[in-house]
Each structure stands twice: as structure tokens, then as C-alpha cells.
Amino acid sequence: MRIDTYYTSVCPQCPIKAQCTTGQERRVRRWEHEAVLDIMQARLDGKPDAMKIRRRTIEHVFGTLKHWMGSAHFLMKTLVHVPTEINLHALAYNLKRVISVLGIAKTMKAMKLAGA
């Protein structure tokens, strides 16, 4: 992770310097991908209901997976094995959802067509 550090020389003339820093200049640290976070925050500020919709549609999936996994503890260790474990949990969740939406017969038919 790369953090860029900037120094500003306008602090001595700034009218709100006392609220910001006690030093001669202010150091600003920014992550190299901070602009991406700024863009995302601007999008969220423009659509305040977006997080409510996300919570309604996405977050319950992670809650269900955490419940299945037993309080979010992975059984496997190391970065090689953990992605496999979460992918298996996600596959199981998705299969369960497809079966609940389509039913077993249509799901089996779709799987047979996909394999052909």
C-alpha cells in the first residue's frame, strides 16, 4: 500500500490555521487510490438512499454466509485456502437461491443444458 505525503506552504496565511494544525505546515497523507474512494463518496452523497437499497439487497447475503460459517470464522487457514472456502460458501448460497426461485426440476434441467 503506497501512501503519498504532501506538505502545504499556505498554512501560515490560512485564516482557520488554529483549527487545523499547530505546526508551521500541514502534512496531508493520501492513499494512492484515494481518488476512487472520493468518487464513491460523491456518488453516495448524490444518492443518499443507495446504501438503504444495498443493505436490503446485498447485506443479508453476507449475514447468511456468516451464520453458516459460524460467526465468520474460516475453517481453513492461509490465503491459498480461505478464498476456496468462501467460494464454496457462495456457490452453496447461490445454488440454494436458484433452487428456491426455479425449483429443483427447472434447476436440474438448466444445469443439464449448461453442461451439454
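## Exercises on salt bridges and a nonpolar patch

The side chains of Arg 2 and Asp 4 meet in a salt bridge, with 3.2 Å from N to O. The model is predicted: local features need pLDDT of at least 70 and side-chain atom pairs count only at pLDDT 80 or more, while totals for chains, interfaces and linings use all residues. Residues are numbered from 1 along each chain as its sequence is written, and side-chain values use heavy atoms, with hydrogens and water left out.

**Exercise 1.** Determine how many salt bridges the structure holds, and which residues are linked with Arg 2 and Asp 4 in a network.

*Solution.* Step 1: apply the criterion, a side-chain nitrogen of Lys or Arg within 4 Å of a carboxyl oxygen of Asp or Glu. Side chains of opposite charge can pair when their charged atoms come close. Step 2: state the total, which is four salt bridges. Step 3: identify the network, in which salt bridges link Arg 2, Asp 4 and Glu 32.

**Exercise 2.** Classify Arg 2 and Asp 4 as buried, partly exposed or exposed.

*Solution.* Step 1: recall the classes, where buried means under 20% relative accessible area, exposed over 50%, and partly exposed in between (1.4 Å probe, protein chains only). Step 2: Arg 2 has 47% relative accessibility and therefore counts as partly exposed. Step 3: Asp 4, at 22%, is also partly exposed.

**Exercise 3.** Describe the nonpolar surface patch and state which helix gives the most to it.

*Solution.* Step 1: patches are made of residues with over 30% relative accessible area and no salt bridge; like charges are joined within 9 Å, and nonpolar side chains (Val, Leu, Ile, Met, Phe, Trp, Tyr) within 5 Å. Accessible areas come from the Shrake-Rupley method with a 1.4 Å probe, and for residues only the protein chains shown count as cover. Step 2: Leu 88, Leu 91, Leu 95, Ile 99, Ile 104, Met 108 and Met 111 make a patch of about 660 Å². Step 3: helices (H or I, at least four residues) are DSSP runs numbered from the N terminus. Helix 4 (82–102) and helix 5 (104–115) each supply at least two patch residues. Step 4: helix 4 gives the most, with four residues. Ile 99 is found in helix 4 and is partly exposed at 37%.
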